[in-house]
Amino acid sequence: MARLAVERLRDQEARALKDAEQQQQRAALSAQKALQEAERARLLQLEDDADAWRRATVLREYLDAFEQATLLRGGLNAEQLIYLQWARAKADWLDPLINRVDALLDLQMEPLSPNRG
């Protein structure tokens with residue numbers, strides 16, 4: 001009888017150790033998955049930033065070409081100067097290296113709540 005009780009205790013201890021090891025392995029795996037997800041999120045942000053920078057660069061190249069072509073045709077009028085200023089500000093807003101704020105594009109708008117009669 002005593003021997004059976006001792007064997008049961010040993011089995012319980014062995015199961016408890018095994019359960020603790022499995023729990024530790026699950027926790028380590030969960031931590032690794034969290035690190036992996038954080039790394040993926042950082043990579044996606046890097047790709048998004050590179051895409052935004054590329055878009056801003058293309059806009060600037062276009063605007064420079066627009067300005068040069070307009071100057072060759074006789075110069076910029078007031079409307080074209082305003083357009084270039086506006087467009088270059090938008091390119092700066094897109095560019096993550098500049099990180100410019102735009103009063104309208106960065107405006108946070110709350111959804112309208114339905115009328116309550």
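**Salt bridges and helix packing**

Reader: Is Arg-60 buried, partly exposed or exposed?
Author: Arg-60 has a relative accessible area of 22%. The model is a predicted one. Buried would require under 20% and exposed over 50%, so at 22% Arg-60 counts as partly exposed.

Reader: Which parts of the chain does the salt bridge between Arg-60 and Asp-92 tie together?
Author: The side chains of Arg-60 and Asp-92 meet in a salt bridge, at 2.8 Å from N to O. The two residues are 32 apart in sequence, so the pair ties together separate parts. Arg-60 belongs to one helix and Asp-92 to another, namely helix 1 and helix 2.

Reader: How many residues apart are Asp-95 and Arg-60?
Author: Asp-95 also forms a salt bridge with Arg-60, and the closest N and O atoms are 3.0 Å apart. Asp-95 sits in the segment after helix 2 and Arg-60 in helix 1, which makes this a link between distant parts of the chain, with a separation of 35 residues.

Reader: Are Asp-92 and Asp-95 buried or exposed?
Author: The cut-off for buried is under 20% relative accessible area. Asp-92 has 18%, and Asp-95 has 5%. Both therefore count as buried.

Reader: Which residues are linked with Arg-60 in a network of salt bridges?
Author: The whole structure contains 9 salt bridges. Arg-60 pairs with Asp-92 and with Asp-95. The network that links Arg-60 consists of that residue together with Asp-92, Asp-95 and Arg-100.

Reader: What is the distance between the closest N and O atoms of Asp-51 and Arg-54?
Author: Asp-51 and Arg-54 are both in helix 1, 3 residues apart, or about one turn of the helix. Asp-51 is partly exposed at 38% relative accessibility, and Arg-54 is partly exposed at 46%. They form a salt bridge, and their closest N and O atoms are separated by 2.8 Å.

Reader: Is helix 1 roughly parallel or roughly antiparallel to helix 2?
Author: Helix 1, residues 2–72, packs against helix 2 with the axes 8 Å apart and an angle of about 165°. Angles over 145 degrees count as roughly antiparallel, so helix 1 is, relative to helix 2, roughly antiparallel.

Reader: What is the accessible area of the nonpolar patch that includes Ile-98?
Author: Ile-98 is in the segment after helix 2 (78–94) and is partly exposed at 43% relative accessibility. Trp-53 and Leu-97 form the surface patch with Ile-98, and together the three have an accessible area of about 340 Å².

Notes: Residues are numbered from 1 along each chain as its sequence is written. This is a predicted model: local features need pLDDT of at least 70, side-chain atom pairs count only at pLDDT 80 or more; totals for chains, interfaces and linings use all residues. Side-chain values use heavy atoms; hydrogens and water are left out. Patches are made of residues with over 30% relative accessible area and no salt bridge: like charges are joined within 9 Å, nonpolar side chains (Val, Leu, Ile, Met, Phe, Trp, Tyr) within 5 Å. Accessible areas come from the Shrake-Rupley method with a 1.4 Å probe; for residues, only the protein chains shown count as cover. A salt bridge is a side-chain nitrogen of Lys or Arg within 4 Å of a carboxyl oxygen of Asp or Glu. Helices (H or I, at least four residues) and strands (E, at least two) are DSSP runs, numbered from the N terminus. Buried means under 20% relative accessible area, exposed over 50%, partly exposed in between (1.4 Å probe, protein chains only). Axes are lines fitted to C-alpha atoms, for helices over the stretch in contact, and angles run from 0 to 180 degrees between N-to-C directions. Angles under 35 degrees count as roughly parallel, over 145 as roughly antiparallel, 65 to 115 as roughly perpendicular and the rest as oblique.
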